[in-house]
Amino acid sequence: MASGGTLPLETDKILAKCPKLRVLVVGKSGTGKSSLINHVFGIKQQVVSHQARGVCNINDEITSPDNSRLILHDSMGFEPGQATNLQNAIDFLKARSAENVAIQDQVHVVWLCIKIPHAGGRVLETGDERFIEFALDKKVPLIIVFTQFDKLKSLVEQELTDEEMDSDECDDIVTQRSATKFVEICLRPLERFDSVRYAQTSGLTEGMDADRAALKLLVEATQDMVKENVWYVTAVAQRTSARVKIDGSIKIGMQGYWLGLASTTKLFGSTLQTCLKTIHFEITASWNFNDPDELLTNGTFEQRLYSLIQFIVPEDKEIRSWFDNVDPFQTLMGIGTAITAAAAPALAAIGLSTMFIQWIGDIYKKTPEALRCLMAYMCDLTLIMDHLFLKTLNLPPPRRLTQEDIDSAVESYKNSSAATVHKEVRMYANQTTIAQIVRSNIAEEKVKELINLHCSK
């Protein structure tokens, strides 16, 4: 069902079929399963939480109020001589991967967490090997997550000579030798398997800084492996990779109201404000911030977006009839080239033009003004979400959203990319007639281009 005041949402259709990402996380106590899950999905919860420490029931569905798009199942690791855990995991995976099981009930991905051995010993137990073989045979997406790579680097550092320690190339030596040891200890044993995927993590121990780049690679590997009909909920559930969020947001847009943006008939009969609200709900849903106060959808944030896009709506010759004093805002209109220090106070107190309020209340029509409005809203909102994501990424889970976070992200975007984005949108929509733009049908491609150009890399 669409949210109040919107057209039917593409996100609702997709999430109705598969509303949550279902992850099976496997590993012995002490491998860092809870820390891994908390960092990737932005929650604060012990994965093993239902029974005594180190004991779990694989059939239990573990959820968190901090992230409504996630279901976890926890399996203990496979100790030598303990066949019960392995059999339970195989039986569970068999039941959750059968063809007649609904997509929302299937296991979408398995993360097998293995602590990198630092003092000899096997990296894979016999039970690990049997489980990997079974998962690969059933074509269940599986990633082996090697944890505590940072401790391997510490071991390498301890083996350095005094001369190497004093060398300017010390960091490079540690990096190279750590990578070599990782290949020898962890990757060689995987060569017996066909196409098994792996990732590594560092800094997940409490009080340490997590290796964000490594977690991002894990999320992107997961995204590559899940089934097509789970792709979107995977992007929504994870809170590690802005790139995956952006790709998910764009993909949903291209399946819905972005497609054929200049020529679409899906918006006919609705007010432009309804069209904007629909776009707003779909984009914010894709980012899945921990926003229990609904700060992103309570209307106030939409007003902030309106205050930005209103400046590029009117034609150049009509601008002064819309605004009392256009000079401080010319950059956001796509006319100027840079935001000056003198304009900053005015930009902080932007109000909505009466003309703009009346205009978005009218029924949508195919005009250059409407095209500029929709394109700017898609770009501005997605890029502000990107700024907001990066601002909250380094906060400890569960990273609950605050109004200060939102205000900071809006100002950051306004003072960085907004002027350039608006100028590009205005140039695109002004370069030819609306009839020619409709025929070319590439307005949505221009939106994608601008988002990809100005988003975080």
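Predicted model: local features only at pLDDT ≥ 70, side-chain atom pairs only at ≥ 80, totals over all residues.
Local features here need pLDDT of at least 70 and side-chain atom pairs count only at pLDDT 80 or more, while totals for chains, interfaces and linings use all residues. Residues are numbered from 1 along each chain as its sequence is written, and side-chain values use heavy atoms, with hydrogens and water left out.

**View 1. Helices α11 and α17 pack together.** Helix α11 (residues 272-287) and helix α17 (residues 368-393) have axes 10 Å apart, at an angle of about 25 degrees. Axes are lines fitted to C-alpha atoms, for helices over the stretch in contact, and angles run from 0 to 180 degrees between N-to-C directions. Helices (H or I, at least four residues) and strands (E, at least two) are DSSP runs, numbered from the N terminus. The two helices, α11 and α17, are therefore roughly parallel to each other (angles under 35 degrees). Look for L272, I279 and W287, among the α11 residues that meet α17; contact means heavy atoms within 4.5 Å.

**View 2. Six strands, β2-β3-β1-β4-β5-β6, form an open sheet with mixed pairing.** Two strands pair if DSSP finds at least two bridges between them. At the edges stand β2 (62-64) and β6 (197-200), each with a single partner strand, so one side of each is left without a neighbour in the sheet. On average, neighbouring strands are turned by 25 degrees against each other, direction ignored.

**View 3. Strand β5 meets β6, and helix α4 lies across β5.** Strands β5 (residues 142-147) and β6 run parallel, joined by 4 bridges. Here I143 stands opposite R197 in β6. Helix α4 (residues 126-137) also lies across β1 (21-27) and β4 (109-115), running at about 160 degrees to β4.

Key
Parallel < 35°, antiparallel > 145°, perpendicular 65-115°, else oblique.
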